[in-house]
Each structure stands twice: as structure tokens, then as C-alpha cells.
Amino acid sequence: MRVYKDSEYCWCKSGKYYKDCHKGFDQKCEILRSLGRLVPPHSMIKNEKQIEGIRQAGIVNNGLLDIIGESIHARMTTEEIDRICAKFLKEHDAESADFHYEGYPKHICTSKNDVVCHGIPSDYDILNEGDIINVDATSVYKGYYADASRMYMIGEVKPIAQKLVRVTKECLELAIKAIVPWETTLNDLGRIIEQHARKNGFSVVREYCGHGVGLSMHEDPFVLHYPIKEQTYTIVPGMVFTIEPMINEGLRFITLDPKDGWTVRTKDKKLSAQWEHTLVVTESGVEILAD
Ligand code: MF3
Ligand code: CO
Ligand code: CO
């Protein structure tokens, strides 16, 4: 990597001199590298202005998921949720990152019961008492992206479904709590999530993962929800990424709907749940930007 002079402007484009900005950061990175650890490249590090932009997008996204929580009810269609989303984002001078993303036809994802993720809102998809549904929103506000999803339970829900929703949220929260900047690795997060899911008799979907986010919807790095043999990045301040475990009641295997090319379901037709937050790593821990 190239060596920066003290009097040069910092690579993070903060407009500050290097010595007053990321010089100490780079020194810490060098120490970690010398210890044989994998450290994220500068391209994965956001500056303060970018973080503030993503924070504002997160406020919009949180407002959207709040409104959906207040409006969601039995006998409504997922198309109505999509309309609420489109209207809310328009009123807040924001846009949906999903809309037309690789041809995606709607503004939000609505994934009910055995749908793992990327469920497409539809007039024919009606919510019933006892359903569990994930609503996943990515808002774009002034060019910055925030991505989060929540589970909603419709009326009285079976105990096993309640447990799945709770354990999935715990997987996400345990992973976030474990983050110690300069210490925790992405593999640590995967290990924590998979352990907690398995301990409760559930499985972790492997085909989809969390991701860097902020200047676009999907950025590096991949944030896997299970551990791998390969070395993974150490988590350092300035990284902005999602964690979004998809946890299955039964086996982890999935199918992709051949008709719409989007809807992902459990192969065994049992339930699946997901929670997603966008977070930024700080010097002292993490700040959740969208939940
Ligand atoms: N919000 C999803 C994620 O967490 C991405 C949805 S892409 C779409 O990464 F096209 F399906 F909307
Ligand atoms: Co995401
Ligand atoms: Co999402």
C-alpha cells in the first residue's frame, strides 16, 4: 500500500490532513497485518460525512419499518405494504433501492412463512392470522443507502414460529454485541450466529449473506452467517455493513422460484425468519444505523 505524507490530504476524502485523520488508523492496520491478520482495504472504510449520510438514510428506513409495523394486519395484501412503502419514501424525499434493482419489480421485499427472502409483494398474497413475515427495506436518501428488515407476527402465532422469530433476532444481537473493533473478525460473527441457531435446533441459510452498504446497496465485504475455513477480515472502525441472518425451522436448503426468479423458499417448506440491521463500527464499538 502506498505511503502517505503527513501534510497530504487523507485518503478518506475528509478534507483533513493525513496526520490529523487516518494516520493512526493506518498504523494500527500495519500492526495487525504484521501479526498475520487480514485487514480491510481503504475502500471499505467510510468517512464521517458518509456515515452521517447513511445515518440519515437509516432514520428514514426506520420510520418506514415503524409505519409498516403500525399498519400491518390480517387480511391485508403484501401489495398494500408495497404501496405504503412507495408513498412513505416519496413523502420523505427518498427512494427504494430495491425498485428495478436487477429487474426487481417492487419497492420492498415481503417474505412470509416458508419464504426465506426476496418475496415479491402481490395482490394475491394475503396475510392471515398466525403468519410470520419479514419486511426488508433499503432506502436511498441523498445518495446514501440504509438496509434493514424486521419480522412481524400476524395475530396469534404458533409457539415454534415465535421461537424462530426470537432466536433469529438473538442471533443478530449476539453477533453485534460480540463486535470489538480491531479484534473481532467476520468469522467470529458467523460462528456466533450458527452456534446460537444450532443450539436452538435451527439451521442457517448459506446462500445469502450480509454486506457492506452505504454508497450503494451491496458493497464489499460479504458478511457470512456461518464460519468458513479461510481467514476473514478483522472488523475495524469506519466499516459500515449489514448482518442479516436467515434462520430456518428445519433444514437450511432453499429453492428459487423458477417463475418469478426472485422468491426464495425453504426446500422442506418449513418456516424461515430474518432480521437485518445496518451498523457502523466506531473506535469504541458499534452504532446501529438502521434497524
Ligand atoms: N434488502 C435486501 C438485502 O438485504 C436486498 C433486496 S434486493 C431486491 O440485501 F432486489 F430483492 F430487492
Ligand atoms: Co442487506
Ligand atoms: Co435488506
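Student: Which residues coordinate the cobalt ion (ligand 3)?
Tutor: This is a predicted model. In it, the cobalt ion (ligand 3) is coordinated by two OD atoms of D136, by an OD of D147 and by an OE of E276, at 2.0 to 2.4 Å.
Student: And what is the geometry of that site?
Tutor: The site of the cobalt ion (ligand 3) is irregular, with angles of 58 to 169° among its six donor atoms.
Student: How are the donor residues spaced in sequence?
Tutor: The pattern for the cobalt ion (ligand 3) is D-x10-D-x128-E. D147 sits in strand 5 (residues 144-153) and E276 in the loop between strand 13 (272-274) and strand 14 (277-281), so this pair ties together parts that are 129 residues apart in sequence.
Student: Are D147 and E276 buried or exposed?
Tutor: Both D147 and E276 are buried.
Student: How far apart are the cobalt ion (ligand 3) and the cobalt ion (ligand 2)?
Tutor: The two ions are 3.3 Å apart, and D147 coordinates both.
Student: OK, ligand 1 next. Which residues come nearest to ligand 1?
Tutor: There are 14 residues around ligand 1, and D98, D136, H218, E244 and E276 come nearest.
Student: How much of ligand 1 does the protein cover?
Tutor: On its own, ligand 1 has 340 Å² of accessible area, and the protein covers 97% of that.
Student: Switching to the backbone. Where is the cis peptide bond?
Tutor: Between D220 and P221, with omega at about 0°. P221 is in strand 8 (residues 219-223).
Student: Why point that out?
Tutor: Because most peptide bonds are trans.
Student: What about phi at R75 and K269?
Tutor: Neither is a glycine, yet phi is positive at R75, about 80°, and at K269, about 65°. Most residues other than glycine have a negative phi.
Student: Where do R75 and K269 lie?
Tutor: R75 is in the loop between helix 2 (48-71) and helix 3 (78-91). K269 is in the loop between strand 12 (264-266) and strand 13.
Student: Buried or exposed, R75 and K269?
Tutor: R75 is exposed, with a relative accessible area of 68%. K269 also counts as exposed, at 66% relative accessibility.

Key. Residues numbered from 1 in each chain as written. Chains lettered and ligands numbered in written order. Predicted model: local features only at pLDDT ≥ 70, side-chain atom pairs only at ≥ 80, totals over all residues. Heavy atoms only, no water. Donors = N, O, S within 2.8 Å, 3.2 Å for Na, K, Ca; no water. Tetrahedral: all angles 85-135°; square planar, octahedral: opposite > 155°, others 65-115°. Helix = DSSP H or I, 4+ residues; strand = E, 2+ residues; numbered from the N terminus. Buried < 20%, exposed > 50% of the residue type's maximum accessible area, 1.4 Å probe, protein only. Near = heavy atom within 4 Å. Areas by Shrake-Rupley, 256 points an atom, 1.4 Å probe, with all protein chains shown as cover.
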